[in-house]
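Here is a short briefing on one structure. Keep the model open while reading the points below.

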Amino acid sequence: QVHLVESGGGLVQAGGSLRLSCAFSGDTFSDYAMAWFRQAPGKEREFLAAMSRSGDTFVEEAVKGRFTMSRDNANNAVSLHMNNLKLEDTAIYSCAARLGGGITTVGYHYWGQGTQVTVSS
């Protein structure tokens, strides 16, 4: 059973940076496409970025230029690097895994519990 654990969330001032990490376990990491989502209070879950097994990356237009995603196959982890954070970036951030396939915004089978990011003024 795939298990995902996010870390790195916290309180940050607007304009600051955070790096979120997602640790993968329970199967062969390199077989999975990975993605990051977030959900703000009262809003639907929002796709942020995805990375295929081969390392191709897609970042949602709304956060492109501020957020980047990286993958470390040696350590079975992905990261979300967030710069110039804004108040509206406050949300619970979750990573997700999908067996096989390329980049997609849907169809993820496994989800972490999420980590809270709060941006203050």
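Rings of Phe, Tyr and Trp pair if their centres lie within 6.5 Å, with the six-membered ring used for Trp. Planes over 60 degrees apart count as edge-to-face, those under 30 degrees as stacked, and the rest as tilted. On that basis, the whole structure holds seven aromatic pairs. The model is predicted. It also holds one disulfide and four salt bridges.

**Aromatic rings**

- A pair of aromatic rings is described by the distance of the centres and the angle of the planes.
- Phe 37 and Phe 47 have ring centres 5.5 Å apart and planes at 75°, so this pair is edge-to-face.
- The Phe 37 and Phe 47 pair links distant parts of the chain, 10 residues apart.
- Phe 37 lies in strand 4, whereas Phe 47 lies in strand 5, which spans residues 46-51.
- Both Phe 37 and Phe 47 are buried.
- A cluster forms through ring pairs that link Phe 37, Phe 47, Phe 58, Tyr 108 and Trp 111.

**Arg 45 over the rings**

- Which rings lie under the charged end of Arg 45?
- One is the ring of Phe 37, with the charged end of Arg 45 at 5.7 Å from its centre.
- Another is the ring of Trp 111, where the charged end of Arg 45 is 3.8 Å from the centre.
- Phe 37 and Trp 111 both belong to the ring cluster described above.

**Salt bridges**

- Arg 38 forms a salt bridge with Glu 46, with the closest N and O atoms 2.7 Å apart.
- Glu 46 has 27% relative accessibility, so it counts as partly exposed.
- Arg 38 has 9% relative accessibility and therefore counts as buried.
- Arg 38 also forms a salt bridge with Asp 89, and here the closest N and O atoms are 2.8 Å apart.
- This second pair links distant parts of the chain, with Arg 38 and Asp 89 51 residues apart.
- Arg 38 sits in strand 4 (residues 32-39), and Asp 89 sits in the loop between strand 8 (77-82) and strand 9.
- Is Asp 89 buried or exposed?
- Asp 89 is buried, because its relative accessible area is 0% and buried means under 20%.
- Glu 61 and Lys 64 form a salt bridge, their closest N and O atoms being 3.6 Å apart.
- Glu 61 counts as exposed at 58% relative accessibility, while Lys 64 is partly exposed at 47% relative accessible area.
- Salt bridges with shared partners join Arg 38, Glu 46, Arg 66 and Asp 89 into one network.

**Disulfide**

- A disulfide is a covalent bond between the sulfur atoms of two cysteines.
- Here the partners are Cys 22 and Cys 95, with their sulfur atoms 1.9 Å apart.
- The torsion about the S-S bond of Cys 22 and Cys 95 is about 55°, so the disulfide is right-handed.
- Cys 22 and Cys 95 are both buried.

- What is the strand order in the open sheet of four strands?
- The order is 1-3-8-7, and the pairing is antiparallel.
- Strand 1 (3-7) and strand 7 (67-72) stand at the edges.
- Each edge strand has a single partner strand, so one side of each is left without a neighbour in the sheet.
- From one strand to the next, the twist averages 15°.
- Strand 1 pairs with strand 3 in the antiparallel sense over five bridges.
- Ser 7 has Ser 21, in strand 3, as its bridge partner.

**Tyr 32**

- Tyr 32 is found in strand 4.
- Tyr 32 counts as buried, because its relative accessibility is 2%.
- How many residues separate Tyr 32 from Val 117 in sequence?
- Tyr 32 and Val 117 are 85 residues apart in sequence, and their C-alpha atoms are 25 Å apart in space.

Terms used:
Residues numbered from 1 in each chain as written. Predicted model: local features only at pLDDT ≥ 70, side-chain atom pairs only at ≥ 80, totals over all residues. Heavy atoms only, no water. Disulfide = S-S within 2.5 Å. Buried < 20%, exposed > 50% of the residue type's maximum accessible area, 1.4 Å probe, protein only. Salt bridge = Lys/Arg side-chain N within 4 Å of Asp/Glu carboxyl O. Helix = DSSP H or I, 4+ residues; strand = E, 2+ residues; numbered from the N terminus. Pairing = 2+ DSSP bridges. Axes fitted to C-alpha atoms, helices over the stretch in contact; angles between N-to-C directions. Lys NZ or Arg CZ within 6 Å of the ring centre and 35° of its normal.
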